[in-house]
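Dear colleague,

Please find below the structure that I am handing over to you. My findings follow it, arranged by topic.

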Amino acid sequence: MNVVFTKVNSHKYSSITTRDDGVSLSIPGFGSSKPLPHDLVHFITEEELGVDYGFWGCVAAGAIYKGMAMVAGKVRHDSQKKSEDIIKQNGQKISEAEILAGVILTILCKGIQNDWPKVQHVQHAAWQPTSPSRLPMTHEEVKRICVRLDKLTAQWRALPDGQTLTLIWKTQKPNQRVQPNHQKRMAAVVN
């Protein structure tokens, strides 16, 4: 799946995603685009943490959220039901992805990615699910995400109004299951 982020101006962005099934959807840009568009931070956070069915993973699988509009392609006859099922089945992961992206954005804006006690404080203040689908982020994960976002921030700032930045979401095949980074860490400790 491709996601094209358009810099409308220094305060506003829009995005269009083209899923692997050929359907293109416009996605309204929520929030500020400083230092980066919220949805771009979401994308990188989910990808780096291996969140398979957060916002972007669900969109890739066929979810269509309120506010999205189809701009090209043809949806299946059962697309609304499929979308509702995907969102319902992955509600917790979607919520967690939203929280994690918000935590990363706060850390990035405050420039505290190298100060682990401050990172832990921000994460703990926002991340308290009763039955999480993943462990809290490690300091290495936070630093890795922030390094990647710092590079994208420089690209985004240099981008003239009306120009685009394209990212590719690597869609999993139905029988392909990527082991989240925290499970890899747990396996490494157990072995």
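Is the crossing of H1 and H6 left-handed or right-handed? In this predicted model, the crossing of these two helices is right-handed.

**Helices H1 and H6**

Helix H1 covers residues 38-49 and helix H6 covers residues 139-158; the two pack with their axes 10 Å apart, at an angle of about 140°. Because angles over 145 degrees count as roughly antiparallel, that angle makes H1 oblique to H6. On the H1 side, the contact is made by Leu 40, Val 41, Ile 44, Thr 45, Glu 47, Glu 48 and Leu 49. H6 contributes Glu 141, Arg 144, Ile 145, Arg 148, Leu 149 and Leu 152 to this contact. Sorted by class, the contact of H1 with H6 has seven nonpolar, five charged and one polar residues.

**Helices H4 and H5**

A second pair consists of helix H4 (residues 91-110) and helix H5 (residues 116-126), whose axes lie 10 Å apart and form an angle of about 150°. H4 and H5 are therefore roughly antiparallel to each other. Their crossing is right-handed. In H4, the residues Ile 99, Val 103, Thr 106 and Ile 107 meet Val 119, Val 122, Gln 123 and Ala 126 of H5. This contact of H4 with H5 has six nonpolar and two polar residues, and no charged residues.

**The second largest pocket**

The second largest pocket holds about 220 Å³ of space. Its lining is formed by Ile 27, Pro 28, Phe 30, His 38, Asp 39, His 42, Phe 55, Tyr 65, Lys 66, Met 68, Ile 94 and Glu 98. H1 and H4 each supply at least two residues of this lining, and H1 gives the most, with three residues. By class, the lining of this pocket has seven nonpolar, three charged and two polar residues.

**The cavity**

A search of the whole structure for cavities of 30 Å³ or more finds one. The largest cavity contains about 60 Å³ of space. Lining this cavity are Arg 19, Asp 21, Gly 62, Val 75, Arg 76, Ser 79 and Lys 82. Four charged, two polar and one nonpolar residues make up the lining of the largest cavity.

With kind regards

Technical notes: Residues are numbered from 1 along each chain as its sequence is written. This is a predicted model: local features need pLDDT of at least 70, side-chain atom pairs count only at pLDDT 80 or more; totals for chains, interfaces and linings use all residues. Side-chain values use heavy atoms; hydrogens and water are left out. On a 1 Å grid over the protein atoms alone, a cavity is a set of points where a 1.4 Å probe fits but cannot get out, and a pocket is an open set with protein on both sides within 12 Å along at least five of seven lines; lining residues have an atom within 4 Å of a point. Grid points are joined across faces, edges and corners, and a volume is the space filled by probe spheres set on the points. Ala, Val, Leu, Ile, Met, Phe, Trp, Tyr, Cys and Pro count as nonpolar, Asp, Glu, Lys and Arg as charged, and the others, Gly among them, as polar. Axes are lines fitted to C-alpha atoms, for helices over the stretch in contact, and angles run from 0 to 180 degrees between N-to-C directions. Helices (H or I, at least four residues) and strands (E, at least two) are DSSP runs, numbered from the N terminus. Angles under 35 degrees count as roughly parallel, over 145 as roughly antiparallel, 65 to 115 as roughly perpendicular and the rest as oblique. A crossing is left-handed if the near helix is turned anticlockwise from the far one by less than a right angle, and right-handed if clockwise. Contact means heavy atoms within 4.5 Å.
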